[in-house]
Amino acid sequence: MKVQIRAVTPEKKECLANLLEKYNYEFSQYDKRLFDNNGLFGYKYLDSYFAESDRFAYFIYADDTLAGFALLNKYHECKRPIDWSVAECFVSYNFRRQGIASEAMAQIFNIHKGYYHIKYHVKNIASVAFWNKIAEKHSGGNYELVAGDEPFNDGTEASVLFFEVK
């Protein structure tokens, strides 16, 4: 399967917002966030990805079919150097466990080198396994797992992977 990342253009912001709703719904089982009176979670940083030069939004495609997205920024998740933080990453159920997210992250790391923070919720077992595998592979085994600066909505301490991509 051919995997490709493509920058999200302003014209596709609504599509990204729709995918973020699905992502936030899935993630709410871990952090217990609630949707608003309109039944939406929203994403308060969405506009920033189209207005700030140090934020990047990518769609993930598998064989030219939209499969998910990844968002990068420079928000510190822990007290370590940073060039990039993977703010959000989502691949829909139909495309999971096929190496698509791994290949998408490899492409992102090829474009954006430097020190990374990747925060995850420890109750999201699949995410824990995925991100640790990614950190191991792309850092050559030279990564740290540290406590995050801010807990999740449910009070769970955030775990943050810290590593360098060269």
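This is a predicted model: local features need pLDDT of at least 70, side-chain atom pairs count only at pLDDT 80 or more; totals for chains, interfaces and linings use all residues.
In strand 7, K119 finds its bridge partner in V160. Residues are numbered from 1 along each chain as its sequence is written, and side-chain values use heavy atoms, with hydrogens and water left out.

Seven strands make up an open sheet with mixed pairing, in the order 1-2-3-4-5-7-6. Strand 1 (3-7) and strand 6 (143-147) sit at the edges with a single partner strand each, so one side of each has no neighbour in the sheet. On average, neighbouring strands here are turned by 30 degrees against each other, direction ignored. (Axes are lines fitted to C-alpha atoms, for helices over the stretch in contact, and angles run from 0 to 180 degrees between N-to-C directions.)

Back to strand 5, this time looking toward strand 4. Strand 4 (residues 84-91) and strand 5 (residues 114-120) run parallel and are joined by two bridges. S85 has H117 in strand 5 as its bridge partner. Helix 1 (residues 13-31) packs on it, touching strand 2 (56-62), strand 3 (65-73) and strand 4, and its direction makes about 85 degrees with that of strand 3. Helix 4 (residues 125-139) packs on the sheet too, touching strand 4, strand 5, strand 6 and strand 7 (159-165), at about 20 degrees to the direction of strand 7. (Contact means heavy atoms within 4.5 Å.)

Let's stay with helix 4. Which of its residues are buried? They are S127, W131, N132, I134, A135, H138 and S139. They cover an arc of only 160 degrees around the axis, so they end up on the same side of helix 4. (The arc is that of the directions from the helix axis to the C-beta atoms; buried means under 20% relative accessible area, exposed over 50%, and partly exposed in between, with a 1.4 Å probe and protein chains only.) Those buried residues pack against strand 4, helix 3 (100-111), strand 5, strand 6 and strand 7. Turned away from the buried side is a face with the exposed residues I125, K133 and K137.

Helix 3 has its own set of buried residues, namely I100, A101, A104, M105, Q107, I108 and F109. Together, strand 4, helix 3 and strand 5 make a right-handed β-α-β unit. (Right-handed means that, with the strands pointing away from the viewer, the path from the first strand over the helix to the second runs clockwise.) Strand 5 itself is mostly covered, with five of its seven residues buried.

Notes:
Two strands pair if DSSP finds at least two bridges between them. Helices (H or I, at least four residues) and strands (E, at least two) are DSSP runs, numbered from the N terminus.
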